[in-house]
Structure formats: C-alpha cells, structure tokens
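Thank you all for making time this morning.

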Amino acid sequence: MFEIQPLQLTQCLLTCLFGGLGTYMMMPHRRYFANPGLVFAIGLGLVVLAASHLLMLGGSPVPIVSKVFFNIFAIFSVVASALMITARDPVHSALWFAVVVLSTSGLFLLAGAGFLAAGTVIVYAGAIIVTFLFVIMLAQSEGKAVYDRLARQPAQASLTGFILIWCLLIVILTNPGNNFESNQSSEPVEVSTRLTPAKDLVRMRKFPVNHPVSRVMNQNLTTELALPETFDATLPPGVPQPHVAGLGAAMYTTHLISSELVGAILFVALAGAVVIATPRVGGKPA
Amino acid sequence: MTHNAWLVPALPLVASLLTALFGHRLGKNAHWPVVAGIGSAFLVSLGVLFGMEHPEKFLLMDWIHVGSLQIPLEFGVDGLTAMMLPMVTFIATLVALFAAGYMAGDPGYTRFFSVVGLFVFSMTGLVLSNNYILTYGFWECVGACSYLLIGFWHEKPSAAAAAKKAFLVNRVGDLGFAIGLFWLWTIIPDGNLSYDNVFGMLKSLNETDRLGIGLLFFWAATAKSAQMPLYVWLPDAMEGPTPVSALIHAATMVTAGVYLIARSTPLLVGIDSMAPIVASIGCLTAVMAGFYALTQTDLKRVLAYSTISQIGFMFMGIGSGVGSVVQFAVVAGMFHLFTHAFFKALLFLGSGSVMHAMGHVIDMRRFGGLRHRMPITCWTFLVGSLALAGLPPLSGFWSKDEVLAALSQASHASEASGNHGVASLYSMIYWVAIFTAGMTAFYTFRAFFKTFFGPEKLPSPTDPEAAHDDHHHHGDDPYFGKESPFVMTLPLQILAFCAVFAGMVFAEPTTGWFAHLVEHSVGFTELPHPESHGFDWVTAILGTSSGLIGLGLAYMMYGKPSDLPSRLAKTFRPVYEASLNKLWVDQIYHAMFVAPILALAQVCRYFDTYGVDGLVRSVALIPRNIATGLLLRFQNGVIQAYAGVAALAIVGLLFILVFT
Amino acid sequence: MPNTIFTFSDLTAYLAIGAALFGLGTIGFLSRRNLIVMFLSAELMLQGVGLTLVGFGRFHGNWNGQILTIIILTVAACEAALSLALVVQLFNRSKSLDVSIWREIREAGLPVLAELDQDIEPFLAGPGSESYPHLSPSGREPEVSVVASGHRAN
C-alpha cells in the first residue's frame, strides 16, 4: 500500500530498535547482575548508532562545511536529548537540555532561520534554562532522590516512544514527495521548482480525491500564504536577501493577530505565575 | 406631538434597564431613574393626548416577515390609546413615588423598581400596539411582570404559590388569545393583523368566525381581567407588595382584558349573541365578587374582590353593546375603567399606607380606629370609598351611572328590535347591577369603618389572630402606628383630588370629552352612532340610593361597636360561611382540575421513572459494564498513564492516516 | 534566508530529527517521575515540533514556519513560567518533586499501585553531584550532637 524503499524501511526499523534498546538501558532502574555504568555506556553507544542511522534517512546540505556542522548538530541534539531524559540529576537534565537547544539552534541556522536561532539561544538556553535551574536549586533535596533513581516503567515508556518515532518516520518517508524525489535527477533542484503545485504531486501518486493527503495537498498552501518577498529564489541576483526584515514584515502583516494574541497570552501567563507562586496564608495573599 | 409616542414605552424601558444594571450603586436612590422615566413618559403621553387629532400609526420596523405572515412592529395612536397612556403613566408615577417610601429598606429595592419600569413599558406598549400579534406579545410581557411582582417576596411560600397560580391561570386565558389569533390569521386574506386592516375587512368575514374569535378573545380577557371563571388568581395576587397591587392588580394590567374587548368592538359589532354573554359574565362576576367581599377580614382582599366586581361592571358596560348602543356601551365601560383606576389605586395605596404603619399587618380584626393617628390616609381613603360606592359627585358615580344607563338602553334597544328574551336579560342585569352597587358601598364602608373608626387598636403579637404571622416584631419600626411619610401621602392626596374630579370633568352629561375621545378610535367611526339622549335621572337616583343604603347599613353595623355583625353571622350561618369561603370555588377547582392533573402527573412520573428511564438505564448498562470491566483501571490518577494513552492514540491516528 | 538549495531529502532529515526529539521527549515525559524533568521533556517535544516547522518553512520558501516556531517559543515560555510556579507550590506542600504523590484524582476504589521500590537503582557512592567537598577542620572541632552527625553520615 505505502511506497517506501526497502533500505529506508530497514533503516527505520534499525534506528528504532537501537534507540529503544539504548534508551531503555540508559534509564535509571535496577540492573540485576550487571554493572550500571557499563550498561549505561552500552546504551549510549546504541543511541549514537541509532542517531547516525537516523541521519542516513535524509540528506544533508551540499557544502562540506554545512554538511559537517549539520551532522554534528543533528547527532548532538538527538544524543543530548537521550542523555537529558535519562540523567539521574535534574541539574544534569537541564544542562543536557541546554545542549539540545544549542544544537537545535545550529540546525535552525543551517535552515536559514538565523533570527530564530539567536532567539532560541537567548530565550531557551538563556532565560528558561536558568529559571529551571533556579527552581531545581530551590526544590532540591540533599542527595539523589528516590524518584530520580527509578524511572516509571522504562521498558513500556521506551516501547511507546519508539513506536511513535517509527510511525512518524514511516509517515515522513512515505510522503508523496519522496516518490517525486526518486524520479528526479540527482542534480539539486532550485527552490522555485520545489514550489511545484502540490496538485501535481497528488496526481503523480494518484491518491483518491477524498484521501486525506489529497485533501491537504489541494489546499494549495504555497501560493496563497506566502508573501512575495519570501520567495527568495525568485529574487533577481544582486538584490540583498530579506532576513529579519522579511520575518518581521510577515509577522506584523500576515500573522498580526497571532502575534498580538501571543503577547496577550504572555501577559496573562505572567500574571498567573505571580498569583500562583505567591505564598498564601489562610487562603489570603500574605 | 403624536410622533413622539414611541418615547412613552421607551423611557420606562431605559429607566428599567438602567436600574437593573446600575441600581445597586444608587442604593437608597434606586427609584429615581424609574420615577423620572415614568414621569417623563407621562408628560410625553399628555402631549400625545392633546396632539391627537385622528388615528395615526407609525411603523417602527418590520419585525417578522415570513411568507404570508407579516408582523410589523407598529404603534398606533387613537382615542383609546390616547386615553389609556396618560392614565397608566400618571398612576404609575404616583405609585412609584409611593413605593419609594413603602419599599424603603427592602433588600430587593432595585429589583422592584426595575420590574415596575419594565411593567410600564409593557403596559404602554400593549396600549400603543397597532397589531394583534404585537398586542399579544405585550400581553404576555405584562403577565410576566405581574408574575415577577406577585412573587416579589419569593422566599415566602404563599407569595411563590400565588405567583405560580396567577401565571398558570393566565396561561389558560392566553391559550384562548393564541387560538383566536391563529383563527383570525387564517381568515384574514393578506395575513396582516393590524387593527385597521382587520377592521377594514369585516365585510368579507362570516359571522361564525367573528363570534368564535370574539369568544376566544373574551376567554383571554376573563383570565387577564379576573372574571368568571378565571378570577381565582387575583385575590391571591395580593401577596405582592401593595404598590404593585395598586398599579397592576387594580388600576392597569387587570383592565387589559376590558381594553382588548373594547379594542375589538368593531370586529364584534353586529353579532347578537356576543354582547349578552359578555354582560352576563360581567354581571355574575360583579355580584359574586361583591358577595365574597362582604365577609373578608383582610383589607387588601376586600379591595381585590372589589376590583373583580368593578371589572365586572366594566364588562357589563361593554356587554350592553347591542343595536345602536354599541358605541355608548364601549364609552361607558372604558369610562368606568378610567375612573376606577384612580379611586382603586387610591384605595390600595391607602391600604398600603395602613400596612406600612401597622408593621405589614393587614388583618382588619387586629387594628382599628386609626383616624387620629393617620388623618391624611383616613380622609383620602374616605374619598376613595365614596367614589367606589358611586356617590355623587365623585368620579365613581358618573362612570357607574353610565354603565347602568348603557344597560337600561340595551334593554330598551333589544325590546325595540323585538328580542324580548335579551331585553329581559338586560333588565335583570340592570337590577342586579344596582343591587351590586349597594353591596359595593356596604363592603367598602365596612372596611373603612373597621379600619379608621371605633376604638383605637394596634396590632400586637398577643392577638388571637396573630398566631400565623408572628414573625413581625416592630418595636424598632420608626413608622409603627404613625402617619406615613410625605412621599407616600402626597400620591394619596393627588389621587384623591383625581378621584373627586376625574368623573365630573370627562363625563358625558358635563363635557362629553371622554366619549368624544373614544369615538376617534380605529374602526369606531363606522359603529352605530348613538342618538342623543338626556341624562337618565331614574338610573342616577336608583344607583345613588342603593349606594346610600349600603353606606347606611355599614355605618349601623360597623360605625360604632355593636354585636349586630356577629348576630347576623349566626343567623345566616350558611350564607356567611359561603361568603367567607368564597363559595368553595378554590376547593372545587382544586378537585376538578388541579387534582386530576396532579394524578395524571403522578402516572406520567411513574411511567417516566420505570418505563422510559428503565429502558434508558438498561441501554446505559451496556457501556457501563464494558467500562467497569475494561476501562476503569486506566483511570488510575497517574498523569503519565494518561499521557501514554494519548501517545498511543497518536500512533493509531497516524496509522489510520497513512494506511487507509 | 540564505540562497542555498534545500532539497526534499534535507527536509526529510529535519523531519526525522524533529520526530526523534519529539519521541524522546515523550519517553521522558512518560517515564520520569521528577516534575521538573517531566516539564523539561515537554519542552523537548516542543523543540522537535519547532525543528519540523522550520524545515517545512524553509522547504516551502516562506516565513510561516518560523513565525509558528516563534509563537511556540512564546507559549513555551508561558508554560515554563506557569509550570514552575505550580512546581514550587507543589514542592512547598509535599517537600518532594515526585509526581507519583499527586494521584488523588482517580476512579474511586482503585488501589494505589505502589512504585516497585525494589527496582530502584542502587545508590552509587563516590564522586557525583550528591557528594560535597569536605573541608578539613581547622582548630578545635566543635561539639556536634550525635543525632546531627548520624544524619550527615547517612
């Protein structure tokens, strides 16, 4: 029914198997008859293996520098997130999360989202992580707590999570665009041709008209939502590329209401946090 | 000026909304918006009265327009409207002013004034409406306001029950109105129920339809105007605050039925059997309610039965419209409505003033001889009683005389047209009405003497009659046993002035303004015009002497202490009991209608509980058992278990999306 | 936006990494019992979604993906503020960050499943965050009560 290359299917499966096994081994719980440190190390190795398999599913940027950095950031983000969810100490978790955020910011940068990368570093790695650390310090009891040394049902959790990952990967790889890609020459295609009307893709795959994929594709996403200046590939050479200016313009024209709403939510959350965190005595603010 | 007529309902509505929204901020001044709103509505309606030259109508907006159903929101100004508007707003202003004193300190102060404003809006809307369906809408609105105000002290079970009773009895009548409207709509070719349109098509309607519609409208009127057999709600409605009784259940709303029949006169003219029915019902109600009023000990209930009786007089007036008397009959009925509003509002407000001073005790056995303590209330009440008794030259005399004259003319007219049965019916009604007039004078002055004459007596908790309402302790009430404040006595004095002069100024024999005004109503120009007739001295003398006899009897029995009443009660024990228990009508209704319906409700309840619910429950058992067997254990309070289920659900959805 | 080429396989890589972050966040949320780590895992899932959106935005050549990510960033900040406030409150009540304490809202009559404490990871003595440096005492050693010292040794 679904069209996917057998190689990719195998890679998917291997990724999930290695990743699931590795994550389970890294989880905090009792390992009977085994050296905990060794088990953890083996698990970490499996996760690294899974991450590299994962990378083989997709391509990477063509310039060699970008390629190197992309692979580093990708592996770092996946491995660091595995370390984050298995760290015994919440402080370590927070620090590993910072690593994830920084790697993700690198990926953002490689995808051309410079402003977002900077923003993520400042907001996440700067503000939010520090807040987390502060709360951890505030609430941390002495030594490792029992609940940090025992995961709840690590096997079932790993199984669930990696079934989810497997499903997502299958969905990603069976995207009709995958088929489209395999029919093209290996030459990189300009971004403008990437914007081939989605209807053509649907026609190539011959989905029934009321199939969910066709329904989504028939939305004609690209031509109606985009602002003219966002089609960078169509800009004449020599014209400076719109960067933050384009993002800001899109944010305050097309998405103005969303931006305003988000601001309102932020304000409400501020007030809510103040109200919730204020210690109360006898039901009234102290 | 007439084009400003829409302001008359609009101003009280705005005042009501303002009070409802911001009244709690005004606190003790919450009555000001409503008093000002109704007062200015009165001024506008005076402008309408003097500016009206011929019937006019204004289309405010197209309310409903579906297929052949047209309901425009339109107001009309004609004689009846121009007469009713100032009367309603004038009395409402005085009553609101009175209530500012009477209701002071009540926790529901703002709610009271808000609903009063809403009522004035509905009542003036009812009067202004130029369309049967719009009239019906406002008719329901005044009913709802009446419900809200009767049940104003809803924490009192008796008040809640009275409100419910009033509402249910009125629903019975509204059913008649609704069916009448449907019937009318089916026979009017263009589906436009505006008065002028309906009255313009009379030629094309057959007599059976008109009679049926007329009887249905009269059915509705008997409920709203508390006539036989649907009068039972009005005495109980006295549970509401006394200003409400004065405004709604004496002066204005209960007369809406009379207004409706008067308004529909052009529709009903020429149908011989309609008028005698109306007159007979009115007559029966008048004499029966008067009979009940003879023995009541509750001052407000005496006045309530007197209201029912007087509305019976109005219907007798309108019901005498046979042959050429039609227009005169309507004038007589509406004129009695007009004067009655003043003196009955006066009497109710007077009783309210007494209640206010007696710490909300209204049982006449528990107080007496108040004329020195409450001089203003006493003398204004006397004026009201004289007017109600129909003694010249007070207003009640002129209007009652016109009703009696209309009845006598109806008898003559029927005789002339060879209809001897109807003629003798009318002459019988005429004599019964004269007898009722005497009875009216008797019970009115019985109440007056018991309250204001005799040895002075104030309510005390040691009274044998005080057992059932011993929750009143008024040691700290500053008004206990004293004359009411100026804000309450001022309306009494103004109304007393009106009760004296309203009849003289407008009556047929003196100026004829009133008749002239009513003639300028929609569809009235085609009515048979009365031949000129002189003042009917015989009727006037008969009516007056009947009233004087009643007054004299009351003075003999109650003017000074005597054992005559109790001896009479012993002698005519069955009659006394029948009057005291109101002919057991409430009990009969309960046995005939309420009890069977309750029994049916029980049956339905059991069917619902065991039949329908049993079925539903047994169906519901299936998922319930599945849930307790399989799904219950997932509800284990662990957040992460829920999150895990959610994650697996996403997996399932992805599978469905991709592999189907 | 740099004028480099972004092919479909690039997009696939971004989506795959995003999916991995999302799934790992799910695992963390499902298995960890520390409230703070659970919230960190939720943030990790948001990071995965953000990566996906940025990839799609780049692939389609418009700003929508980035703007959605900014919105997610803001909402994540709100969530962090509120959740941390709640965590502080919960900690003040129970002096513990264990989420297993908070399970009052469950079907009546269900037994509380005890955590399997025999599966707990053995406590590893030695260098780690829980060992604190010892300063060698100088001068006279203060009188220490037996109870306090026993507590410290434990």
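Predicted model: local features only at pLDDT ≥ 70, side-chain atom pairs only at ≥ 80, totals over all residues.

Residues are numbered from 1 along each chain as its sequence is written, and chains are lettered from A and ligands numbered from 1 in the order in which they are written.

Let me begin with chain A, which has 13 helices and two strands; helices here are DSSP runs of H or I with at least four residues, strands are runs of E with at least two, and both are numbered from the N terminus. Of the 286 residues in chain A, 35% are buried, where buried means that 20 or more other C-beta atoms, placed from the backbone, lie within 10 Å of the residue's own, exposed means 12 or fewer, and partly exposed is in between. One residue of helix α1 (residues 6-26) of chain A is Thr10(A), which counts as exposed because it has 11 C-beta neighbours inside 10 Å. Although Thr10(A) and His53(A) are 43 residues apart in sequence, their C-alpha atoms are 9.9 Å apart in space.

Chain B comes to 25 helices and two strands, and 52% of its 660 residues count as buried. Nine bridges join β1(B) to strand β2 (residues 69-77) of chain B, and the two run antiparallel; strands pair if DSSP finds at least two bridges between them. Within this pairing, His65(B) stands opposite Gln70(B) in β2(B). Helix α11 (residues 256-263) of chain B, on the other hand, has eight of its eight residues buried, so it is largely enclosed by the rest of the structure; Tyr259(B) and Arg263(B) are among those buried residues.

How do helices α1 (residues 7-26) and α2 (residues 32-51) of chain B cross? Their axes, which are lines fitted to C-alpha atoms over the stretch in contact, with angles running from 0 to 180 degrees between N-to-C directions, come within 8 Å and cross at roughly 175 degrees. The two helices are therefore roughly antiparallel to each other, a label given to angles over 145 degrees, with under 35 being roughly parallel, 65 to 115 roughly perpendicular and the rest oblique. Their contact has 16 nonpolar, five polar and no charged residues, with Ala, Val, Leu, Ile, Met, Phe, Trp, Tyr, Cys and Pro counted as nonpolar, Asp, Glu, Lys and Arg as charged, and the others, Gly among them, as polar.

Turning to the contact between the chains, twelve residues come from chain A and eleven from chain B, and two residues are in contact if their C-beta atoms, placed from the backbone, lie within 7 Å. On the chain A side, the largest share, seven residues, comes from helix α6 (residues 154-173), and by class that side has nine nonpolar, two polar and one charged residues.

Finally, the largest nonpolar core has 209 residues, and Ile91(B) and Val95(B) are among those with the most contacts inside it; such a core is a set of buried Ala, Val, Leu, Ile, Met, Phe, Trp, Tyr and Cys residues joined through C-beta atoms within 7 Å.
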